Structure formats: C-alpha cells, structure tokens
Amino acid sequence: MRGSVIIIGAGIVGASCARSLAMAGLTTTVVDRAVAVSGTTAKGEGNLLISDKSPGAELTMALHALTRWPNLVHELAAELGTDFPSVEFEAKGGLVVAITAAAAAPLLAFAKAQRMAGVEAHELEIADALRLEPELNPAITAAVHYPQDAQVQPVIAAEALLASARRHGARVLQSVRLVGPILNSDGAIIGVRTGDAELRADAVVIAAGPWSGEVAATLGVSLPVRPRHGMVLVTSRMRQRVFHKVYDADYVGAVGSGDASLQTSSVVESTASGNVLIGSSRQQIGFDSRLRVDTISEIAAKAIRLFPFLADQAIIRTYGGFRPFMPDHVPLVGPDYRVEGLWHATGHEGAGIGLGPVTGELLAALITGAEPALDPAPFSPSRASLKAYLTEAA
Amino acid sequence: MPARMLPAGDDPIRPHEVTPVTIVVDGELLEGALGQSIAGVLMANDRLELRRTVSGHKPRGVFCGIGVCFDCLVEVNGVRDVRACQRRARDGDVVSIADVHSATDTSGGAA
C-alpha cells in the first residue's frame, strides 16, 4: 500500500507499529523525544501475562498475542540473523498463590472465570505448588498454575522490532522535540512540526506510552492516559531458586485497581543471568521518578512473605518506570474520531511488552484497510467507557 | 595488554615500600600489596575473568571498578556478594569466585 505515516514513540509499541506499517508498504517515520527504547519499555520486567487478566477484551488480545509471539520470535531471528541477540522469549509459566485464608476463594473463583474464557489455569494442591517452587512459603492457602505466562527481554525485543522496521524502510529519528500538529483546512492532521522540521504524512500515530497524554495535548486533543509509577528490585546473581513468575494473588486486584495511592503486590521471578526480579508497586504520582524507600521496603517485605529465602539475599539495584494507565483498563488502538488522520496505539499499562506486537498488527490492519486479526471495537477510542474522558478537539 | 601492578617505589605521589598480603583464591595463594582491593590483587595476578555469561559463555570481569555495576561479586571469608573492587585485601582472606555465580545450577528445583 502507498501512503505515509509518522509514529510518535520508539518503545515496543511504536516499534511494532513501525514494523507492521513498513511491511505493509507505507513510508514510515518513527520519532522519539529521547533515545529509542529508553522509556517504559526499558523499565519493566518483560511480561507476557495471561494470569492477571480477567475475561474481556484485554485477555482476548493477550491470548492472541500468545499465539503470535513464538512465530514473531522466529520471524525476527530469521530476518536479523545470528548476530542479533536473542529476545529471550521463554514460556516459563506463572504461579499465582494466595497467602491468607481470605485470599484463597477469590483466587480460585478468578481462575475458574478465566478457564471459561479459554485460559489454562490449573488449581494445584499446596504440595504440588511446592514441588513447582520448592522455596515458596509453605503457608500458602491456594495456588493456580498458568502455563501460558511467558516473558521476553523487552529492550532486545523492541530493538529487534525496530531493526526489522528499518530493514523494511522505516526511518527512526531520535531526540525530536514535538511542537505541534500540521492541519489542513478541514482540520485533518497531515503532519507534525518538530523543533527543527516539518514532517508530513497521511497518518500520525501516538504510541508514546505514559507520555501519550502530553503528546496528544501538543497535537490539540485530550487523552486520559496517565503515568502510573512502579518499582522493581534486583538481587545479585544466584543459582536458580525461582522457576516461574510467582505472584501473590492480590497482584490481580492491584492491576485492575484505579486507585492512585501506593499499592504494592509481590511478583517474583528469576532472569536467565540468575538475578531475581522483585516487584511490584503502582502509584500515580505524575512523572516524579524519585527513589522511594517506603515503596522499596514494602515490596521487599511482601516478597519475603512469598519466598522466605529472599531475606538473606542482596539487592544490587532498584529501578522504576511509568506505565501508561487508562481509566477503563483497556488499551487504546484505533483512529481518533475527533481528528481525521490521527491514530492511537497506547494505554497498555503494564502489559505493553506482551501486547505491543499484536497492537502494531491491529493498527496496521486498520490503517491499511486489511482484515484485522482481532475485533478492534473494544480498543477503539470511540468506545463507550471512554466517552466521559474524551472531550472534542479544540 | 595484561593487567599489571606498578612498582610502589615508582609512585610519583607517594613512593613507599610494599607490604605484601597473601589471599587464597579458590585454593590458590595470590600475593598482592597492602592497600590493594581484592579486585586489584586479582587483576595484578592476571585473574581477569570472574564469571561467564549464561547465554554465550563470554568472560566477564571487573567492569566499573567503583562499586556500581556489581559485576565483580565474589565470596570473601564465607560472605557472599562482596564487591571485589570495594574490599581491601587482608592477609589470609579466603576468596571464592568459582562457586558463587553458578546461576545455571538448577539442582534442587523443579524445571
């Protein structure tokens, strides 16, 4: 297809959109305010989670993503060759456990509802859970195994998607300051003005993660994407003592919550190099990225409750990042009904790594008029649950 | 170029005599100078490799040398996760490199 597109944001979602649109034949330009793959994509854990999603549009997208990832890993490896590092895709499985008596029944009910929606969610006896994770606190009250949960190395995955996009002709401009839209006389967007240039295209895609609200405002429309801060603790390397993604069942409640105050919930997993990653926190504090000791100690204390051996392990660093929070907890993928030519691919909160590639494919299908692999309606900017948040363009 | 130690007598700022220290690294006696870090003793003895990467098995050693990167973790006198670049070598220190980082050892756990 002929035509051109500007994608704002070079994280995993922007890289995925760029790859899919460049492969479809569009003249594709990606712009980033900083260095590519340096924002949210570089600050997470690389989750492709099924376990934390309740039945609905996001789960449907995640199940679709799960079928796409293994093929995508092969496609990227074939395109980029053996010199490009592995994206470290691993379907390691998740284990969600309840720690209190009160948390057991809600976890099992949640898993049952997921099974009805096609998720593999196996209730385990405590002894079987301890066989999967021998170091787990034996006082757990319930456990569900999710063999579909997977992970990738998010920075390598995003760089691979971007490298593939470049091979299909996309260009990537970094350290670009966005100044405003270029509109035609009908009010349609036909490009963007940057600090030193005018870039013109048939379509403009906002894929700026938690900064999407700011980018949208610069382009003249409101968008209710807000930053939700999170922190991760990293231990020193050790022999493997954690074998799955292991969560406290209250993680699901924290993900689904819209509460702005601090929430912490245990997520523990080990990386290929032997470091254990410990999360997680969710807090809406704007773009304040300062280290928060109270948050770190709360995360650590809860992780020790899950894996008592962690009490003796050294934390070598902590890092934080911002998730793109949507008030209705559903990613935003599709055309902005207020400004012709403006498109969105954002709002995945903590799921953008896993959902990025299928988001790019869905967006490309919508822009090029191809048959989408997913029903796009639930992700549309014109969905009912967003009506209250989207005011008309100025 | 191999790692090396400049003769202390040639130190232009504060020339001095070397007080030797001997540490035990994975059973082997290595000699260094009082005041050197454990990383310094290791490097002066051409022991540059502290671990291998899991994917690719490439050698890794002292990287930042100032306590930030945590790539030089060793066990010292039974204490794990000591940054070799931040710990001064003391006579008789027992240092273990080999067994600390066996991240691929999955014995005792389920796959």
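Trainee: Let me begin with one side chain: at 2% relative accessibility, does A:Trp69 count as buried or exposed?

Mentor: A:Trp69 counts as buried, because its relative accessibility is 2% (buried is under 20% relative accessible area, exposed over 50%, partly exposed in between, with a 1.4 Å probe and protein chains only). Before we go on, this is a predicted model, in which local features need pLDDT of at least 70 and side-chain atom pairs count only at pLDDT 80 or more, while totals for chains, interfaces and linings use all residues. Residues are numbered from 1 along each chain as its sequence is written, chains are lettered from A and ligands numbered from 1 in the order written, and side-chain values use heavy atoms, leaving out hydrogens and water.

Trainee: How many aromatic pairs are there over all chains?

Mentor: A pair of aromatic rings is described by the distance of the centres and the angle of the planes. Rings of Phe, Tyr and Trp (its six-membered ring) pair if their centres lie within 6.5 Å; planes under 30 degrees apart are stacked, over 60 edge-to-face and the rest tilted. That rule gives four aromatic pairs over all chains. In one of them, A:Trp69 and A:Phe89 have ring centres 6.3 Å apart and planes at 10°, so the pair is stacked. A:Phe89 is partly exposed, at 27% relative accessibility.

Trainee: How far apart are the ring centres of A:Trp211 and A:Phe287?

Mentor: Their centres are 5.4 Å apart and their planes at 10°, so this pair is stacked. It spans 76 residues, from the loop between β12 (203-206) and α6 (212-218) to the loop between β16 and α8 (293-306) of chain A. A:Trp211 is buried at 16%, whereas A:Phe287 is partly exposed at 32%. Ring pairs join both of these residues and A:Phe322 into a cluster.

Trainee: At what angle do α1 and α9 of chain A pack?

Mentor: Two packed helices are described by the angle between their axes and the distance between the axes. Here α1 (residues 12-23) and α9 (residues 352-368) of chain A pack at about 35°, with axes 7 Å apart (axes are lines fitted to C-alpha atoms over the stretch in contact, and angles run from 0 to 180 degrees between N-to-C directions). Among the residues that meet are A:Ser16 and A:Cys17 from α1(A), and A:Gly356 and A:Gly360 from α9(A) (contact means heavy atoms within 4.5 Å).

Trainee: Which side chain makes a polar contact with that of A:Asp250?

Mentor: The side chain of A:Ser265 does, at 2.5 Å (N or O atoms within 3.5 Å; within protein, one must be able to donate a hydrogen and the other to accept it, and residues adjacent in sequence count only if both atoms are side-chain atoms). A:Ser265 lies in strand β15 (residues 263-270) of chain A and is buried, at 2% relative accessibility. Leaving out residues up to four places away in sequence, A:Ser265 touches residues including A:Lys302, A:Gly279 and A:Ser280.

Trainee: What joins A:Gly279 and A:Ser280?

Mentor: A cis peptide bond, with omega about 0°. A:Ser280 sits in strand β16 (residues 276-282) of chain A.

Methods
Helix = DSSP H or I, 4+ residues; strand = E, 2+ residues; numbered from the N terminus.
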